[in-house]
Amino acid sequence: MADSTTTTDARTRPLLPFLAPLERAFDPFAWPLVRFAAGVMLIPHGWGKLIGGGLSGTIEAFGNMGFTPAGPLATYIGVLELVGGLCIAIGFLTRFWAAQVVGFMAVAAFVVHWSNGFNWTDGGYEYPLFWGLVALAITFRGAGRMSVDAAIGREL
């Protein structure tokens, strides 16, 4: 029986039918992989801010961009990236953390990077927009079956 995280529609037929068993075998791992990767990608950013000595630079950058109070905001973003990233990766309070990442990435994309155009290589909004949309999908879908949320039987 398929769980709510299975994405394969029973009406679709694989282009290469001999790969169908492989698709069925790996399908349960697709969503946990997306959630895990999204969470893990946040962790180094928070680590650098909170533990790696980059908080003062982040506070200065936030202040220069007009975000006030810069100190508490920079600390919040560091905690969101470090603790929230870990929680998203393991699937604990997943929707709570992912929804905050959506907000953070929306500000990054539309306030900080928008004027630079689309391409991330030019300082544009491509990268934060992408990660904001991934976080939005996680917010909508939740942690899924392979998560702490599922293990405790509760989801926020």
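Colleague: How is the exposure of Y127 to be read: buried, partly exposed or exposed?

Modeller: Relative accessible area is the guide: buried means under 20%, exposed means over 50%, and partly exposed lies in between (1.4 Å probe, protein chains only). Y127 has a relative accessible area of 34% and is partly exposed. This is a predicted model, in which local features need pLDDT of at least 70 and side-chain atom pairs count only at pLDDT 80 or more, while totals for chains, interfaces and linings use all residues. Residues are numbered from 1 along each chain as its sequence is written, and side-chain values use heavy atoms, with hydrogens and water left out.

Colleague: How many aromatic pairs are there?

Modeller: Rings of Phe, Tyr and Trp (its six-membered ring) pair if their centres lie within 6.5 Å; planes under 30 degrees apart count as stacked, over 60 as edge-to-face, and the rest as tilted. By this rule the count is eight. One of them joins F96 and W97, whose ring centres are 5.2 Å apart and whose planes stand at 80°, so the pair is edge-to-face. F96 is partly exposed, at 39% relative accessible area, whereas W97 is buried, at 12%.

Colleague: Which kind of pair do W120 and Y127 form?

Modeller: W120 and Y127 form a tilted pair, with 5.1 Å from centre to centre and 35° between the planes. W120 is partly exposed, with a relative accessible area of 38%; Y127, as stated at the outset, is partly exposed as well.

Colleague: Which residues form an aromatic cluster?

Modeller: F110, W114, F118 and Y125 form one aromatic cluster.

Colleague: Where does the charged end of R141 sit?

Modeller: A charge sits over a ring if NZ of Lys or CZ of Arg is within 6 Å of the ring centre and within 35 degrees of the ring normal. Here the charged end of R141 sits over the ring of W31, at 4.8 Å from the ring centre.

Colleague: How many helices and strands does the protein chain contain?

Modeller: Helices (H or I, at least four residues) and strands (E, at least two) are DSSP runs, numbered from the N terminus. The protein chain has six helices and zero strands, and its elements follow the order α-α-α-α-α-α from the N terminus on. P32 belongs to helix α1, which covers residues 20-50, and P32 is buried at 13% relative accessibility. In sequence, P32 and V134 are 102 residues apart; in space, their C-alpha atoms are 13 Å apart.

Colleague: What is the form of the peptide bond from T68 to P69?

Modeller: The peptide bond from T68 to P69 is cis, with omega near -5°. P69 lies in the loop between α2 (55-64) and α3 (70-90).

Colleague: What value does phi of L93 take?

Modeller: Phi of L93 is near 55°, a positive value in a residue other than glycine. L93 is found in the loop between α3 and α4 (94-113) and is partly exposed, at 30% relative accessible area.

Colleague: What may be said of the protein chain as a whole?

Modeller: Its C-alpha atoms fill a box of roughly 55 × 40 × 25 Å along the principal axes. Of the 156 residues in the protein chain, 32% are buried. A contact means heavy atoms within 4.5 Å; among contacts between residues at least 6 apart in sequence, 62% join residues at least 24 apart.
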